[in-house]
Amino acid sequence: MAIHQLSETLINQIAAGEVVERPASVVKELIENAVDAGATRVEIATAGGGKTLIRVTDNGSGMTPDDLALAVRRHCTSKITNDLLDIRTLGFRGEALPSIGSVARLRITSRMTDADMGHEIVVEGGRHCEARPAAANRGTIVEVRDLFFATPARLKFMKSERAEASTITEVVRRMALAFPHVRFLLSGTDRTTLDFPATGEDRLARIAQILGKDFTENAIALDAWREGVELSGHAGVPTFNRGNALHQYAFVNGRPVQDRLVASALRGAYAETVPRGRHPVAVLSIALDPALVDVNVHPAKSDVRFRDPGLVRGLIVGAIREALAMEGDRASTVAARSMAASFSMGARSTNGHSGAYGYRPTAAATGYDVAHSPCRPLASAPPQGFSAGEQAPFDAISMPSARPSAPITASPNGADHRLGAARAQVHANYIVSQTADGLVIVDQHAAHERLVFEAFRKTLLAGDTPLASQGLLIPEIVDLPEEDCDRLIQHADDLAKLGLGIERFGPGAIAIRETPAMLGEIDAVALVRDLADEIAEWDDANGLAARLDHVAATMACYGSVRSGRVLRPEEMNALLRQMEATPGSGQCNHGRPTYIELKLADIERLFGRS
């Protein structure tokens, strides 16, 4: 078969298969052109999920008739010269408009700032006419109708109108996050109108528009720099997480990207702090020399390649972990509001209606019967945590006075600390403490588990000094499959650093001779069995060395204060003080919150005092 030259229209349609994957791809390309043209207002209108109509209007610099003629031809652009290593704009390939015009009905109307009139050009299925005069305001209007009418086979791969409209919304949200100085207005017959007013240099205000006020209340600012790479943005506290990764946004030199390296760095930064199956929320902006990043990986320009990926990943992981260590252990405000809402709903259901609180008689008035009274004395009942006998030890702590004349002073035992002073233990698992402006409820097992884990981690980072261990009077023997025994013995030296001493006891058994001293009395057999299962799951030459944190987390879970253990007041306060001094104590090793804080204003609101 003879070789022949493909037609220009067919070449454009092939290129469109890479550049224009779906309606959202068209919206992305057109918004990028508007931003590159210096627009401060971009309006997007859609119909039929973008398959019927996409119209993007901007107030940018506009184009001349000659520019319009070149804009619909391939590889024509005003955004670069001859250096692909110095790309400082969003577009540079010159493929978007001709690709769109080859598969849809495209109309571009534009007017320069100082021009007397505008001009328009029309492209249908790759065939275009000359630019002609047209009435237009300053800027450019790009209208795309009947997307993929020239390649109907592509329409079979489109999703429903609702799904395509949702994808377009996500593209606009990402562009709005990247450019807070631009106002974005998204409307159409297939959606609810969205308006993102410009916020100038206040990026946090734009983030609040996109991700909501909840994120800004639970976000930690990032500002780090290393070897010419700058990282800024905001990352959510670990207890503020989501069920998918759609709330993770990354920008490289202002360009929205969906990069696997950044996603991997986020997972590493939040390791051991976010529950499995949950994802952190973050908005990250990376700035570096354009020569150090390749944006010419794919025509869609959503993928990038860093010249030094290890440097970028290390910067992200290090900056987020440092920020979490400084203030990431604070409780999520969402959890506090949920708790307040639960209290409020309980009170409303008790009163039988959702209006004001009030009394509702439940039975006809009768004589007082101590046996059936809801207020009967409980002298014969066993102590339940709030009885006088159980609370007597707290008398040593300065308790607040109910007298109006009594001054409110900070407790010498910790009420002036961030996590306050212990006031009670509820259900032998939850510590209630009083702070200067509210109260805190602590899950004692989750909190202590985190403290033990951080002690293990500190030992691992310290070097060759192993954790203190305690020898067993009679070694514990664990029967295991021979291959599990082989794997455990292979990593016996690593386990010894954590205070766990094991040795081979025949072909199918392991003898446990030492356990970590800080764990106290533990079920050593169950611990070794769990470790054997974990090592078998991801064992290789360096498997355990790369996952010693995970092993430490498993061991910490076995040595933590168990639910149901009654603590003395001094033990509770000691736990609170250790939490304040320990990075990441706001969540346990599995990512669950260790405490919830309820502000005094929230409590007063529950009682109608504010």
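Biologist: Two strands are said to pair if DSSP finds at least two bridges between them, so with that in hand, which residue takes a positive phi in the hairpin of E1 and E2?

Modeller: That residue is Gly48, whose phi is positive and near 60°, and the hairpin has five residues between its two strands. Please keep in mind throughout that we are looking at a predicted model.

Biologist: OK, and how many bridges join E1 to E2?

Modeller: Six bridges join E1 to strand E2, which covers residues 53–58, and the two strands run antiparallel. As one example of who faces whom, Glu43 stands opposite Thr57 in E2.

Biologist: Which way does E1 run against E8, parallel or antiparallel?

Modeller: E1 and strand E8, residues 183–188, run parallel and are joined by six bridges. Within that pairing, Ile44 has Leu186 in E8 as its bridge partner. In general, strands of a sheet pair through backbone hydrogen bonds, and they can do so either parallel or antiparallel.

Biologist: Why is E1 called largely enclosed?

Modeller: Strand E1 spans residues 41–47, and five of its seven residues are buried, so the rest of the structure largely encloses it.

Biologist: Let's switch to helix H5. Is Arg162 buried or exposed?

Modeller: Arg162, which lies in helix H5, is exposed, because its relative accessible area is 72% and the cut-off for exposed is over 50%.

Biologist: Which strands does helix H5 lie across?

Modeller: Helix H5, residues 161–178, lies across E13 and E14, and it runs at about 55° to E13. Those two strands are joined by three bridges and run antiparallel, with E13 covering residues 248–252. In that pairing, Ala250 stands opposite Val257 in E14.

Biologist: What order do the strands of that open sheet come in?

Modeller: The order is E10-E11-E16-E13-E14, which makes five strands in an open sheet with mixed pairing. Strand E10 (219–226) and strand E14 (255–257) stand at the edges, where each has a single partner strand, so one side of each has no neighbour in the sheet. On average, neighbouring strands here are turned by 20° against each other, with direction ignored.

Biologist: What is Ile286 in contact with?

Modeller: Once its neighbours within four places in sequence are set aside, the contacts of Ile286 include Val229, Leu231, Phe251, Phe306, Val312 and Ile316.

Biologist: How many aromatic pairs does the count come to?

Modeller: The count comes to one aromatic pair. Phe215 and Phe240 have ring centres 6.1 Å apart and ring planes at 45°, so the pair is tilted. It links distant parts of the chain, since Phe215 is in helix H7 (residues 213–217) and Phe240 is in the loop between strand E11 (229–236) and strand E12 (241–242), 25 residues apart. Both Phe215 and Phe240 are buried.

Biologist: How many disulfides does a search of the whole structure find?

Modeller: The search finds zero disulfides. To take two of the cysteines, Cys76 counts as partly exposed at 26% relative accessibility, while Cys485 counts as buried at 0%.

Biologist: Last one, for the overall picture: how many helices and strands does the protein have?

Modeller: The protein has 19 helices and 25 strands, and buried residues make up 45% of its 610 residues. Among contacts with a separation of 6 or more, 69% are between residues 24 or more positions apart.

Technical notes: Residues numbered from 1 in each chain as written. Predicted model: local features only at pLDDT ≥ 70, side-chain atom pairs only at ≥ 80, totals over all residues. Heavy atoms only, no water. Pairing = 2+ DSSP bridges. Helix = DSSP H or I, 4+ residues; strand = E, 2+ residues; numbered from the N terminus. Axes fitted to C-alpha atoms, helices over the stretch in contact; angles between N-to-C directions. Contact = heavy atoms within 4.5 Å. Disulfide = S-S within 2.5 Å. Buried < 20%, exposed > 50% of the residue type's maximum accessible area, 1.4 Å probe, protein only. Phe/Tyr/Trp six-rings, centres within 6.5 Å; stacked < 30°, edge-to-face > 60°.
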